[in-house]
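Here is a short briefing on one protein model. Look at the sequence and the structure first, then read the points by topic.

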Amino acid sequence: MLKLALAGNPNCGKTTLFNALTGSTAYVGNWPGVTVEKREGRYKKGGQPIDVVDLPGIYSLSPYSPEEVVSRNFILDERPDVIVNIVDATNLERNLYLTTQILEIGTPVVIALNMMDEVARRGDVIDAEALSKLLNVPVVEISALKAKGIHELMKTAREAASTPRKAESVLMSSPLAPAVEKARELLEMSGSSEPLFHAIKLLEGDELEVKNHADEAKLLAEVKKQYQSEIFGEDFEAYTADARYRYITEKLSKVQKKAERKEKLTRSDKIDKVLTSRVLGIPIFIVMMFAIFHLTFAEDFLYLNALYGVQVQGWETWWEAGSYVIDGGIPSPGVLLQSCLVWCTDSLSALASQGLANAPAWVASLICDGVLAGVFSVLSFLPQIALLFLFLSILEDSGYMARVAFIMDRIFRKFGLSGKSFLPLLMGFGCSVPAIMASRTLEHEKERQMTIYMTPWFSCTAKMPIYTAIAAAVFVGNDDLVVFGMYLLGIVCAIVGALLLRNTVFRGKTAPFIMELPAYHLPQAKSLFVHLWDKVKKYVVRAATIIAASTIIIWFISNFDWSYHMVGSIEDSIVHDIGSVVSWIFYPLGFALGEYGWVFVVAALTGLIAKEEVVSTLTVLGIAIGSLAEDAAEGTAIETLFAVSGITTPAVIAFMAFNLLAIPCFAAVGAARAELGKGRGFKGALLWWTASAYVVSMLIFLIGSYWWTVFIFAAIVAAATACIVLWNKGKLKLPKRRKAE
């Protein structure tokens, strides 16, 4: 089976092409030994299937980042049958720099000129045939976004894979040609499989090449002295880069003709003047995010009574098919879809209960009150999670999220992070595991560690059901505001935490941030739904495995005592004893107080396994408590639990904040351990998450319950800030320990 590698610059349309080629066959993993995302899939049309590997987006094949090392090693070691080099035709000169390096490897290459529709819209012309003759490899015009030219591209790739190709370099037409030829001969004598590529990298002083070919590097040191540039001196890497760009610029005029433009600003430039404005950029982003949350979580999306001054007759009757009753208003699409799913799961639960009417009581309880109740409580939020991801994917695929990273750099830089940190943090809204892994792309160790410390505070999809379920039970009518507020709280805590760490543990200069902003474009529906399906599938699998197994455990310890006898009251159960023993630790946080405070303690502890467990635990225990409570209110198990527990509003918010900031799930902790190692960095992360969750939750409860405590905490913060400032200025020093005599 043929193996095809996709290589190209970031934002050249490579991922869009990959999704168009592979569709539902794509799967994501990690490269062996490196936490850089690995995407593979299979193209099944037009004959023999082709394995497609999506290499990370890179600008060169020099080892400056893990992505470049991965791409380089794959091409050299794995030896794909053909490389498809995706080139952004709207920015030909910069993209061809990578092409000149790929051509120095003797693997068959096909160049895909992407975004040719945009080139035509601008009135520009690119002669693909002339470019093909110039580079001596096939060139195919495509539009990955509109799926044009893809079949021709793959047909050409199949033909190229069967034709051997000799490595060539544009440097052979530059003054560096004799040095390159001498280096190539040395590498051939040493038995190198790609002598031309390794020779040029050796001349550039490539760290990997110098390490692997130490003897040849010493011999070439004398050769390099004969070809020093008046401009670049001994910097051969800059010398070769200049030679590549000179060749591209000189030859490009023969294959590309740009139309004369009356306006110098492109459409993207005009939009950026507003969206990346210093004044309007951040407010627009906040408004846009709130609109997304309102569309996803608001029970009263449109207030028809307020809009039209009339009562909507018959709406309540229709809506009673779901789990909500709307009085004169229309629910948001997220709530509407969730209600439909809840109606389906409730119907399935009712059928299961009827089918188990003659079964033993413990069997019916295990299946209905345990497994189904726990799993369905998590699955009920699937529509809202999918909708949230759909909106975020639209913003990302359109090119807007790259602008947000640029905007955030202005803020992040003040707190010791760069805009590049925003990208892993943004991934945290999906899942903390890949977000923590993505931090490896950050070059500076301090920034990388700080990013890992902050990532779990950008609420993942597993935390969203916690906010949504509690908001629906306690803050009726303000669901979207509460959920949005929790997401905002995580971001604020991350910024404050970064500021604190920067001035204490991770002091130093912030790394510069350089990023290419892609042109705005309409997202491709197929690409969006491939991403969406991947997220939904992971959530459903998680609910059907980890959550189901954990729910059985929660049901067991809430229905049996230490002698493994089924109990009639939850107060005699194992879970009650466990929760009661550790509840005192959480008394300052408020939610552990009261008769059923131990339930919230147990839910918070199970959240350490997987955050979805919080909702599942509250549901299972809520059913058990609701069956005993005389004043139990009608509604969901969680609504009943909050109704009978008497928990105060500040305590409820403190509970949500604790689950937001506390140690993330086991999988995220494992990812952090892999990135930070077993030493102080990882132990510091665990301590940081635990202490921050405890302190912030306590502040929320105490200030919310006793307003005057704000002055006490303000004085403590002022004193701590003064100490940090004096310490940074060297006016405050910690006492040194005396050495034992």
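A nonpolar surface patch of about 850 Å² is formed by Ile703, Tyr706, Trp707, Trp708, Val710, Phe711, Ile712 and Ile716. The model is predicted: local features need pLDDT of at least 70, side-chain atom pairs count only at pLDDT 80 or more, and totals for chains, interfaces and linings use all residues. Residues are numbered from 1 along each chain as its sequence is written, and side-chain values use heavy atoms, with hydrogens and water left out.

**The nonpolar patch**

- Like charges are joined within 9 Å, and nonpolar side chains (Val, Leu, Ile, Met, Phe, Trp, Tyr) within 5 Å.
- Accessible areas come from the Shrake-Rupley method with a 1.4 Å probe; for residues, only the protein chains shown count as cover.
- Helix α33 (residues 709–728) gives the most to this patch, with 4 residues.
- Helices (H or I, at least four residues) and strands (E, at least two) are DSSP runs, numbered from the N terminus.
- Trp707 sits in the loop between α32 (680–705) and α33.
- Is Trp707 buried or exposed? Trp707 is exposed, with a relative accessible area of 60%.
- Buried means under 20% relative accessible area, exposed over 50%, and partly exposed in between (1.4 Å probe, protein chains only).

**Ser697 in helix α32**

- Ser697 belongs to helix α32.
- Ser697 is buried, and its relative accessible area is 0%.
- What does Ser697 touch, not counting residues up to four places away in sequence? Its contacts (heavy atoms within 4.5 Å) are Leu589, Ala654, Ala657 and Phe658.
- A polar atom of the Ser697 side chain lies 3.2 Å from the backbone nitrogen of Phe658.
- A polar contact is a pair of N or O atoms within 3.5 Å; within protein, one must be able to donate a hydrogen and the other to accept it, and residues adjacent in sequence count only if both atoms are side-chain atoms.

**Paired strands**

- Two strands pair if DSSP finds at least two bridges between them.
- Strand β1 (residues 2–8) pairs with β4 in the parallel sense over 5 bridges, and Ala5 stands opposite Val53 in β4.
- In strand β4 (residues 50–54), 4 of the 5 residues are buried, so β4 is largely enclosed by the rest of the structure.
- β1 also pairs with β5 in the parallel sense, over 5 bridges. Here Leu4 stands opposite Val82.
- β5 pairs in the parallel sense with strand β6 (residues 109–114) over 6 bridges. Val87 faces Leu113 in β6.
- Why is strand β5 (residues 82–88) largely enclosed by the rest of the structure? The reason is that 7 of its 7 residues are buried.
- In a regular strand the side chains alternate between the two faces of the sheet.
- Both faces of β5 are covered. Val82, Val84, Ile86 and Asp88 are buried on one side, and Ile83, Asn85 and Val87 on the other.

**Helix α8**

- In helix α8 (residues 195–203), 9 of the 9 residues are buried, so α8 is largely enclosed by the rest of the structure.
- Among these buried residues are His198 and Lys201.
- Gly205 follows α8, and its phi is positive, near 80°.

**The whole chain**

- The protein chain has 33 helices and 11 strands.
- Of its 741 residues, 52% are buried.
- The accessible surface comes to about 35000 Å², and 62% of that belongs to carbon and sulfur atoms.

How values were computed: Patches are made of residues with over 30% relative accessible area and no salt bridge: like charges are joined within 9 Å, nonpolar side chains (Val, Leu, Ile, Met, Phe, Trp, Tyr) within 5 Å. A salt bridge is a side-chain nitrogen of Lys or Arg within 4 Å of a carboxyl oxygen of Asp or Glu.
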